[in-house]
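Dear colleague,

Please find the sequence and structure below, handed over for your use. A short account of what was found follows directly after.

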Amino acid sequence: RTNGKEGCAWPPAASITDYRCGYDCAFLTTSVFGVHINGLEIKPAADLINANLEGANLEGANLEGANLKGANLQGAHLQGAHLQGAHLQGANLQGANLQGADLQGADLEGADLWEANLQRANLQRANLKWVNLQGVNLRGADLKGAHLNNADLWEANLKGALLQGAHLWEANLQGANLQNAHLQGANLKGALLQNAHLQGANLQNAHLQGANLQNANLQNANLQ
């Protein structure tokens, strides 16, 4: 298969730093804007610090343990990608599609995920402190034990999300959709939950000291 330019074929199972096919279509680590590498396995712990991967097709890619600190992944296609233990501190993931991606134990502190799609993503024990998650789709995502202290989840969609034991200390959840979310044992101390939708949510043993629940909808929520 080719990348759309005559005579430029992708070699099988290559690292994204291995590919060259002449001056006109050089595939560089620092500039791979819009390049399609669907399912291409990138070697574990790849060094992609500050890489420009804007709009890249990384669907199903193996980026486990990769160093993507400060990388530009705006609008990237990362559906089903393997990002366990990846370093994404300060990365730009605005509008990225991470549906079904595995981000267990990944470090995303300070990253920008504005309006990203993380539906059904696995974020168990991930570090999401100080992350911009405004308007993000986290419907059905697994966030058990995740660290979301001071994260901005304004109007995020967390319907049916698994947040058991999650750390949401002083997180901004104003207007967020938490209908039927599982928040058993979650730490919501000082969290901002004004106008949040918590219908049918399970808040059993959750810590809500100092949380602001003004105008929140708690119909049928479990607060035992």
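This is a predicted model: local features need pLDDT of at least 70, side-chain atom pairs count only at pLDDT 80 or more; totals for chains, interfaces and linings use all residues.

To begin with a charged residue, Lys144 has a relative accessibility of 27% and therefore counts as partly exposed; the classes used throughout are buried (under 20% relative accessible area), exposed (over 50%) and partly exposed (in between), with a 1.4 Å probe and protein chains only. The side chain of Lys144 meets that of Asp142 in a salt bridge, at 2.9 Å from N to O. A salt bridge here is a side-chain nitrogen of Lys or Arg within 4 Å of a carboxyl oxygen of Asp or Glu. Asp142, at 12% relative accessibility, counts as buried. By this rule the count comes to one salt bridge. In general, side chains of opposite charge can pair when their charged atoms come close.

Residues are numbered from 1 along each chain as its sequence is written, and side-chain values use heavy atoms, with hydrogens and water left out.

The chain as a whole

The mean pLDDT of the protein chain is 85, and 81% of its residues reach 70 or more; pLDDT is the predictor's confidence in each residue, from 0 to 100. Over residues 1–41 the pLDDT is below 50, and this stretch has 69 contacts in the model beyond near neighbours in sequence. Contact means heavy atoms within 4.5 Å. The protein chain has 224 residues, of which 47% count as buried. Its secondary structure comes to zero helices and zero strands, where helices (H or I, at least four residues) and strands (E, at least two) are DSSP runs, numbered from the N terminus. Among the contacts in the protein chain with a separation of 6 or more, 2% are between residues 24 or more positions apart.

The nonpolar core

A nonpolar core is a set of buried Ala, Val, Leu, Ile, Met, Phe, Trp, Tyr and Cys residues joined through side-chain atoms within 4.5 Å. The largest one holds 68 residues, and Leu108, Leu113 and Leu163 touch the most other members. Leaving aside neighbours within four places in sequence, Leu163 is in contact with residues including Leu143, Leu148, Leu158, Leu168, Leu178 and Leu183. In soluble globular proteins, nonpolar side chains tend to be buried together.

Ala101 is buried, with a relative accessible area of 1%. Ala101 and Gly80 are 21 residues apart in sequence, and their C-alpha atoms are 4.1 Å apart in space. Not counting residues up to four places away in sequence, Ala101 touches Leu78, Gly80, Ala81, Ala121 and Asn122.

Polar and charged residues

Asp107 is buried yet has no salt bridge, and the nearest side chain of opposite charge, Lys69, is 7.2 Å away. The side chain of Asp107 does have a polar contact of 3.1 Å with that of Gln89. A polar contact is a pair of N or O atoms within 3.5 Å; within protein, one must be able to donate a hydrogen and the other to accept it, and residues adjacent in sequence count only if both atoms are side-chain atoms. Beyond neighbours within four places in sequence, Asp107 is in contact with Ala86, His87, Leu88, Gln89 and Asn127.

Gln94 is partly exposed, with a relative accessible area of 23%. Its side chain makes a polar contact of 2.6 Å with the side chain of Asp112. Not counting residues up to four places away in sequence, Gln94 touches Gln74, Gly75, Asp112, Leu113 and Trp114.

Arg139 is also partly exposed, at 38% relative accessible area, and touches Gln119, Arg120, Asn157 and Lys159, not counting residues up to four places away in sequence.

Backbone angles

Asn50 has a positive phi of about 60° although it is not a glycine, and at 53% relative accessibility Asn50 counts as exposed. Asn180 has a positive phi of about 60° and is not a glycine either; Asn180 is partly exposed, with a relative accessible area of 41%.

With kind regards

How values were computed: Lys and Arg count as positive and Asp and Glu as negative; His and the chain ends are not counted.
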